[in-house]
Amino acid sequence: MDIREMLYIVTIAKENNISRAAEKLFVSQSTVSQTLQQVESRLGCQIFTRNPYGVMLTPMGTRIVEVMERTIEFFAKAEQNIQDIVAARAGRIILGTSLFLSSLLLPALLPHFKEKYPGIVIDVKTSSSSLLENLLLRDEIDVALITLPVHSDKIHVVPLFTERLLLMVSPDNPIAKLGEPIPGEQLKLLDPKLIKDQAFILSPPGNRLRDAADNFFKKQGINSPNIVMINNSIETAKRLAALNVGVAFAPERLRKYSLSLPIPEYFLLDESLPNWIIAVAYNKQESPDMLITKFVKAAKQFLAAEV
């Protein structure tokens, strides 16, 4: 039995008349009558009884029509859901990002995205940037907010903005008094040579922030930095740096958005501490669907505007 047959029978039940049902359906009376006879024959029961004024549901017919009405409603909703998905009004995006980027970027992006596309569900998976590349290639996530570089030529990246990396230092640390003012900047410049003997709070190996720190140490000739803690939470690193447990590296955006106490002082170093490039990435081997395209557009619009 198909939806058309169900619709014919439900319409007959509403009109209690085959002729009026045919008019409502914009088909001939004979078509409706033949459809009813075929359905009753297949089911082996009578759905309607005939009378001089039209038709009436039998007790069995009443139960059958109730099921048909629910089925028609279900298919109508399913069709609308499919249309919404095709038009990117609804659906699900599996978004991969690091724990740090999720805490800083998603509060700036997702409220705007959900306001514009309320029917799209964002499922966030957090991992390191290197693992996010593998998740993209295995199609376990649809799109990623990631720190460049990526190492696979099978991943397409859309750069969003460049982020300066800073050094977080406790106000009680003596080197905090040695920063030099920079014209036009609220930040001060700290000579990298002053921090070689400092205790460092670093991210785990494989983390992009750790990669930047290791490159910095290499350029400065710091072969064995004094690492007092390895920690995956940038917020924890910030608080520990403020309490003078050690110094830590952080993207500049942390200074803008993380205002919880205690607050460290932030310093620029020279070009030996590279900038970060934040990008949105997806699998190049597959053409991005409408959902991914809309997410990329929103990320470019709202995250770049926050810089």
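Leaving aside neighbours within four places in sequence, Met 56 is in contact with Ile 47, Phe 48, Thr 49 and Asn 51. Contact means heavy atoms within 4.5 Å. Met 56 sits in strand 2 (residues 54-57). Helices (H or I, at least four residues) and strands (E, at least two) are DSSP runs, numbered from the N terminus. The C-alpha atom of Met 56 is separated by 9.1 Å from that of Ile 12, which is 44 residues away along the chain.

This is a predicted model: local features need pLDDT of at least 70, side-chain atom pairs count only at pLDDT 80 or more, and totals for chains, interfaces and linings use all residues. Residues are numbered from 1 along each chain as its sequence is written, and side-chain values use heavy atoms, with hydrogens and water left out.

Helix 1 (residues 3-15) packs against helix 3 (residues 29-43) at about 105°, and their axes lie 10 Å apart. Axes are lines fitted to C-alpha atoms, for helices over the stretch in contact, and angles run from 0 to 180 degrees between N-to-C directions. The two helices are therefore roughly perpendicular. Angles of 65 to 115 degrees count as such; under 35 is roughly parallel, over 145 roughly antiparallel, and the rest oblique.

Ala, Val, Leu, Ile, Met, Phe, Trp, Tyr, Cys and Pro count as nonpolar, Asp, Glu, Lys and Arg as charged, and the others, Gly among them, as polar.

Five strands form an open sheet in the order 4-3-5-14-6, with mixed pairing. Two strands pair if DSSP finds at least two bridges between them. Strand 4 (120-126) and strand 6 stand at the edges, each with a single partner strand, so one side of each has no neighbour in the sheet. From one strand to the next, the twist averages 20°.

Strand 3 (residues 91-97) and strand 4 run parallel, joined by seven bridges. There, Ile 93 stands opposite Ile 122 of strand 4. Helix 5 packs on this sheet and touches strand 3, strand 4, strand 5 (143-147), strand 6 and strand 14. The direction of helix 5 makes about 175° with that of strand 4.

Strand 13 (residues 265-268) pairs with strand 7 (residues 165-169) in the antiparallel sense, over three bridges. Strand 13 also pairs with strand 9 (residues 188-189), in the parallel sense and over two bridges. Leu 189 is bridged to Leu 268.

On a 1 Å grid over the protein atoms alone, a cavity is a set of points where a 1.4 Å probe fits but cannot get out, and a pocket is an open set with protein on both sides within 12 Å along at least five of seven lines; lining residues have an atom within 4 Å of a point. Grid points are joined across faces, edges and corners, and a volume is the space filled by probe spheres set on the points. The whole structure holds one cavity of 30 Å³ or more.

| Space | Volume | Lining by class |
|---|---|---|
| Largest pocket | about 360 Å³ | 14 nonpolar, 12 polar, two charged |
| Largest cavity | about 50 Å³ | eight nonpolar, no polar, two charged |

Of the 28 residues lining the largest pocket, Phe 100, Ser 203, Pro 204, Asn 207 and Asn 232 are the closest to its centre. Helix 7 gives the largest share of that lining, four residues.

Phe 100 also lines the largest cavity, along with residues including Leu 104, Phe 161, Arg 253 and Trp 276. Helix 5 gives the largest share of the cavity lining, four residues.
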